[in-house]
Structure formats: structure tokens, C-alpha cells
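Biologist: Please take a close look at one residue of this model and at the packing around it, and give the cut-offs behind each term as you go.

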Amino acid sequence: MLSLSERIDLLVRLGEHLGEKDEYLEALMHRTHYNNKWFTIANQQQAVRAIADAFLATAKIEQW
């Protein structure tokens, strides 16, 4: 079982990863847009950045 600090570290690393270019995530966004035009690429990218910034930063996690 992971300790609390290890879990926090993993969540922070996930947030950092979401800020980087990820071909799989980009392909998923394109497929999502293809299937539902309401989900534009720009809006999906903005949502992913917002999740990373609002929930997956060390200070935010520790505050929670």
C-alpha cells in the first residue's frame, strides 16, 4: 500500500504529465470531437489543463 506522500507524488506527476504533449491523449481528443462536435479540441485541452492546475498541484492536494 502506498503512503500518503507517495500517493500525493503520483497525483502531482499525473498533473505534470497532463501538461506535456501526449499523442494518445491527442488522438483520444480527436476521436471524441469526431464523435461529438460539441467537444472541441481546444475545449478538451482547456479542461485537462484546468484539472491539472486546480486539482493535481502539490499545494492543492495537501490543502484538500
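**Gln44 and the packing around it**

Modeller: Leaving out residues up to four places away in sequence, Gln44 touches Met29, Thr32, His33 and Phe39, where contact means heavy atoms within 4.5 Å. This is a predicted model, in which local features need pLDDT of at least 70 and side-chain atom pairs count only at pLDDT 80 or more, whereas totals for chains, interfaces and linings use all residues. Residues are numbered from 1 along each chain as its sequence is written, and side-chain values use heavy atoms, with hydrogens and water left out.

Gln44 belongs to helix α3, residues 41–55 (helices are DSSP runs of H or I, at least four residues, numbered from the N terminus). With a relative accessible area of 13%, Gln44 is buried, a term for values under 20% with a 1.4 Å probe and protein chains only. A polar atom of the Gln44 side chain lies 2.9 Å from the backbone oxygen of Phe39.

Helix α2, residues 23–35, packs against α3 at an angle of about 130°, the axes being 9 Å apart; the axes are lines fitted to C-alpha atoms over the stretch in contact, and angles between N-to-C directions run from 0 to 180 degrees. On the α2 side, Leu25, Glu26, Met29, His30, Thr32 and His33 meet Ile41, Gln44, Gln45 and Val48 of α3.

How values were computed
Helices (H or I, at least four residues) and strands (E, at least two) are DSSP runs, numbered from the N terminus. Buried means under 20% relative accessible area, exposed over 50%, partly exposed in between (1.4 Å probe, protein chains only). A polar contact is a pair of N or O atoms within 3.5 Å; within protein, one must be able to donate a hydrogen and the other to accept it, and residues adjacent in sequence count only if both atoms are side-chain atoms.
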